[in-house]
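Here are my notes on this one, point by point.

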Amino acid sequence: MANINRILVVGGGVAGLTTAAALKRHDLPVELVERQDTWWAPGAGFLVHANGMRMLTSLGLGSGVEKAGALVRRWHFCDQQGHLLSETDLEALWDDTGPCVGIERPELQRALLPGVVDLRCRLGTSVTTLVQDDSRVRVGFSDGSTCHYDVVIGADGMKSTVRNLILGTRSTSELGAMTWRSISQISPIPGPTAIQFHLGDGCLFGFMPIGRRRIYGFNYVITQRFHDPLEGRLERLRHRLRNFGPRVQEYLGALERDDQVICSTMMWMEIKEWHAGRVVLVGDAAHASSPMMGQGGCMAMEDACVLTEELRSARTVEDALASYVRRRKPRVEWVQRQSMGLANLLTASTSARDAMLRERGAQLMQDRFGPLVPPP
Ligand SMILES: Cc1cc2nc3c(=O)[nH]c(=O)nc-3n(C[C@H](O)[C@H](O)[C@H](O)COP(=O)(O)OP(=O)(O)OC[C@H]3O[C@@H](n4cnc5c(N)ncnc54)[C@H](O)[C@@H]3O)c2cc1C
């Protein structure tokens with residue numbers, strides 16, 4: 001094993017918390033800094049697919065996530081009126097990989113925190129400078145302090161400062177799509193719990209149970225970015241989705257306030273280099289993706305465990321980081337491509353798409369998720 005006395009994880013989102021938890025579990029000397037003053041996490045709902053749950057279970061965090069969320073057993077593609085086009089049994093698809101769990105985003109954050117108990121975690125602190133030589137990295141922090149580390153892991157999201165400091169600024173690209181996300185309390189979908197995608201023309205509305213009788217609802221729309229002010233947002237959402245079926249109307253009817261609806265632009269990013277010297281990237285800092293497969297966070301969980309394995313087994317830090325990138329890149333790039341492919345469902349002609357999903361929807365799911373069943 002390489003000689004490692006001190007590792008810094010920058011960022012306390014999904015990628016940072018799982019990476020720190022994985023390193024700690026294997027007795028590697030790790031500490032974490034997070035820019036925000038609290039462990040707050042933005043977003044509404046989150047699907048932890050079975051491949052993500054497999055990683056969390058290996059870190060002793062799986063049962064906490066399961067308890068805080070809801071099992072999701074089926075994946076439904078439906079037409080705009082809510083009629084079923086195809087159904088995939090997720091338990092059969094993932095075999096014994098683990099369950100799929102729908103969970104509220106802040107609950108997921110809370111469920112990951114036991115993984116970093118007893119670690120030195122500095123909130124309200126960000127990285128401002130990174131200077132490295134062959135043997136260590138000198139890190140400057142926003143509180144004016146500096147420290148030396150053997151390895152620095154950038155888990156600081158799509159707009160990563162670590163990435164910008166080691167690789168130069170790499171800008172993200174817009175996907176040409178926007179999203180409106182919310183949580184509502186309506187009666188659960190009858191039958192086994194399912195994530196449902198109701199497909200319209202250039203847009204979709206999706207539902208997923210996230211526990212405690214709450215449903216996460218998400219609207220993805222193919223459109224150039226525009227500003228959707230908070231005031232009147234719910235009414236505009238209802239108007240935009242007026243041609244969707246009764247289930248969507250029931251969901252929207254149960255929302256009460258504009259501030260229940262989070263609006264954002266969808267971004268993605270593809271970069272060649274994920275590391276330089278002793279500094280390496282994980283999660284969105286390395287590979288932010290279109291959310292159509294809901295795999296971005298799960299890929300970050302896999303990054304965490306693979307990077308830890310490599311740091312434990314390689315002879316040098318440089319070998320470990322190069323090996324980590326070699327193992328992770330093909331799988332992550334595959335997910336990015338498949339996610340883009342799924343986004344094409346929104347731009348295809350509605351009748352051809354619905355016919356295709358009736359005929360081959362289950363196969364399409366198998367083709368896209370099946371390759372993620374073997375461990376990373
Ligand atoms: C609409 C949508 C739906 C999605 N749904 C799913 C889903 O269902 N399932 C799934 O697996 N994925 C999903 N994803 C993707 C998932 O949200 C991301 O891949 C995941 O959150 C990335 O985690 P991260 O920790 O890499 O980055 P982030 O969550 O962005 O966390 C980065 C952290 O670093 C901190 N930070 C930033 N800069 C600094 C600094 N300089 N110093 C210190 N700290 C810093 C930030 O404050 C933040 O806490 C979705 C994405 C979108 C857009």
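Predicted model: local features only at pLDDT ≥ 70, side-chain atom pairs only at ≥ 80, totals over all residues.

1. Start with strands E5 and E6 (residues 84-89), which pair in the antiparallel sense over five bridges.

2. Next, strand E16 (residues 215-222). Is it mostly covered or mostly open? Mostly covered: seven of the eight residues in E16 are buried. E16 pairs with strand E13 (residues 173-184) in the antiparallel sense over eight bridges, and there Arg181 stands opposite Phe218 in E16.

3. E16 also pairs with strand E15 (residues 203-209), again in the antiparallel sense, this time over seven bridges. Pro209 has Ile215 in E16 as its bridge partner. E15 and E16 form a hairpin with five residues between them, and the turn holds Gly211, whose phi is positive at about 95 degrees.

4. Now the rings. A pair of aromatic rings is described by the distance of the centres and the angle of the planes. The model has 14 aromatic pairs. Take Phe77 and Phe197: their centres are 5.8 Å apart and their planes are at 50 degrees, a tilted pair. Phe77 belongs to strand E5 (residues 74-78) and Phe197 to strand E14 (residues 194-199), so this contact ties together parts that are 120 residues apart in sequence. Both Phe77 and Phe197 are buried.

5. That pair is part of a bigger picture. Ring pairs link Trp75, Phe77, Trp94, Phe197, Tyr216, Phe218, Tyr220 and Phe369 into a cluster. Phe218, a member of this cluster, is the residue that Arg181 stands opposite in E16.

6. Arg240 lies over the face of Trp180, 3.9 Å from the ring centre. For Arg247, the charged end sits over the ring of Phe207 at 5.7 Å from its centre.

7. Last, the empty space. Rolling a probe the size of a water molecule over the atoms shows where empty space is left. How many cavities of 30 Å³ or more does the structure hold? One, and the largest cavity has a volume of about 30 Å³. Its lining consists of Met269, Glu270, Ile271, Trp274, Ala286, His287, Val332, Glu333 and Gln336. Helix H9 (284-287) and helix H11 (317-343) are the elements that each give two or more residues to that lining, with H11 supplying the largest share, three residues. By type, the lining divides into five nonpolar, two polar and two charged residues.

Notes
Residues numbered from 1 in each chain as written. Heavy atoms only, no water. Phe/Tyr/Trp six-rings, centres within 6.5 Å; stacked < 30°, edge-to-face > 60°. Helix = DSSP H or I, 4+ residues; strand = E, 2+ residues; numbered from the N terminus. Buried < 20%, exposed > 50% of the residue type's maximum accessible area, 1.4 Å probe, protein only. Lys NZ or Arg CZ within 6 Å of the ring centre and 35° of its normal. 1 Å grid on protein atoms, 1.4 Å probe; cavity = no way out; pocket = protein on both sides within 12 Å on 5 of 7 lines; lining within 4 Å. Points joined across faces, edges and corners; volume = space filled by probe spheres on them. Nonpolar A, V, L, I, M, F, W, Y, C, P; charged D, E, K, R; others polar. Pairing = 2+ DSSP bridges.
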